[in-house]
Amino acid sequence: MSQRSGNPISCDIAISGGGAVGLVSALAFAQAGFRVGLIAPVSPVADGRTVALLSASWDMLGELGLREALTPLATPMSTMRLVDDTGSLFRTPPVTFRAGEAGLEAFGWNIPLAALIAALDEAVDARPVIRRISGKTTMVSHAHEAVELQTDAGITVTAPVLVAAEGRISISRDTSGITAKNWTYPQVALTAMLSHPKRDHDDTSTEFHTRSGPCTLVPLAGRRSSLVWMVAETDAAHLNALSNDAFARAVERHVHSILGAFSVDGGRGHIPMAGLGVGQYAARRIMLVGESAHVFPPLGAQGLNLGLRDVAAAVEQVSRAHAEGDDLGADTVMAAYGAQRRTDVELRTLAVDGLNRSLLTRFLPLDFARGAGLLGLAHIGPLRRLVMRAGLAGGDARSGT
Ligand SMILES: Cc1cc2nc3c(=O)[nH]c(=O)nc-3n(C[C@H](O)[C@H](O)[C@H](O)COP(=O)(O)OP(=O)(O)OC[C@H]3O[C@@H](n4cnc5c(N)ncnc54)[C@H](O)[C@@H]3O)c2cc1C
């Protein structure tokens, strides 16, 4: 590259991080008419993870021109089933939500994360207004009305706004002065792709609530499903060390053979559970999106969907400043973004954290409250529809509200 020190690349929006949220940020800002500089290392996605994109996220990606590329990779989730498998005194019957009740074709679409990222990478490469800079951001500083980034390849990028999409450990967030609160859970998420040749999943996602956390089977194409199994730290090493066949049998026992016998059909992953929250969502021309701003355990398919709503809100606020002829990175833009994102992020973090912790404890009043909640969902139609709409994340990813 010719942009070694002294000859910076200048753009409207610098984006640091090329995970799913960074790549969607690049596409969304480019579509809104901005010149984008994307600083992204090549990072393999190796943990056999799939992500369920709720319908608003799916629509957002469709509007970015990705529908054709993603449809063959994704499987619809038309039914969601919650099964209380805690053994609690207040255990309730399974609760089933059908997308048709919420007037939807599907709650969302499940897609292997590696395939999603490959499709996003391809779309980014096809947009001439996105300048991709391979490597990592190593330093961020503030110059006159701009942020200046240095990369490990010696390249300098300047822009009035920096979108930090670097995941949980974020050098740009640290530079912004925003402090993050980190915490851990005594759990590990085991992930795998499974095939179950004897039974169909019928496009149903099933979430078992157990004492070690949720265990979720999400439909994939054909007679295949992806697994996210939250286990106690103390059991993780043993389960992780099992051969694929022994692991498949352990999963089958754990989910009461609802899909018959399994075999492992794709990568297996092992992710220690952690949480992260921030007091502010943007400062000093730096906007936090995705896991740079929020991390919580994988319950109810919320993390990436929330990250995509961050992106929608960031584009909305910066576009508004542009339309009004204002500085794109002005403090008022940062404040408006923070105000738009705070409630959504904090409510989701609180809800996921609360449900997860309520499973881990054997405190009877909490069991009662969770059981009563599920019972209400099972029998009260309007309540169920309300929760479905809330679970579908504020309805419209594009408005970010
Ligand atoms: C088991 C599991 C299942 C999940 N299932 C779902 C689901 O069904 N639905 C859902 O919505 N969410 C789900 N999630 C959450 C979802 O996977 C994450 O929210 C999402 O992938 C985070 O994307 P991100 O781009 O913010 O962060 P990351 O994926 O962490 O990407 C950050 C990127 O930034 C790069 N980077 C880091 N530092 C720098 C730097 N200094 N310079 C440049 N680049 C840098 C990294 O290399 C990486 O490529 C799940 C999570 C887990 C653990």
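User: Why is H256 called partly exposed?

Analyst: The relative accessible area of H256 is 48%. Buried means under 20%, exposed means over 50%, and partly exposed is what falls in between (1.4 Å probe, protein chains only). H256 is therefore partly exposed. The model is predicted: local features need pLDDT of at least 70, side-chain atom pairs count only at pLDDT 80 or more, and totals for chains, interfaces and linings use all residues. Residues are numbered from 1 along each chain as its sequence is written, and side-chain values use heavy atoms, with hydrogens and water left out.

User: Where does H256 lie?

Analyst: H256 sits in the loop between helix 7 (244-254) and strand 18 (263-278). Helices (H or I, at least four residues) and strands (E, at least two) are DSSP runs, numbered from the N terminus. H256 is not a glycine, yet its phi is positive, at about 55 degrees.

User: Why does T234 count as exposed?

Analyst: T234 has 71% relative accessibility, so it counts as exposed. T234 belongs to helix 6 (residues 233-241).

User: What makes Q340 buried?

Analyst: Its relative accessible area is 14%, so Q340 is buried. Q340 is part of helix 9 (residues 331-360).

User: Which side chains does Q340 join by a polar contact?

Analyst: The side chain of Q340 meets that of E316 at 3.2 Å and that of Q317 at 2.5 Å. A polar contact is a pair of N or O atoms within 3.5 Å; within protein, one must be able to donate a hydrogen and the other to accept it, and residues adjacent in sequence count only if both atoms are side-chain atoms.
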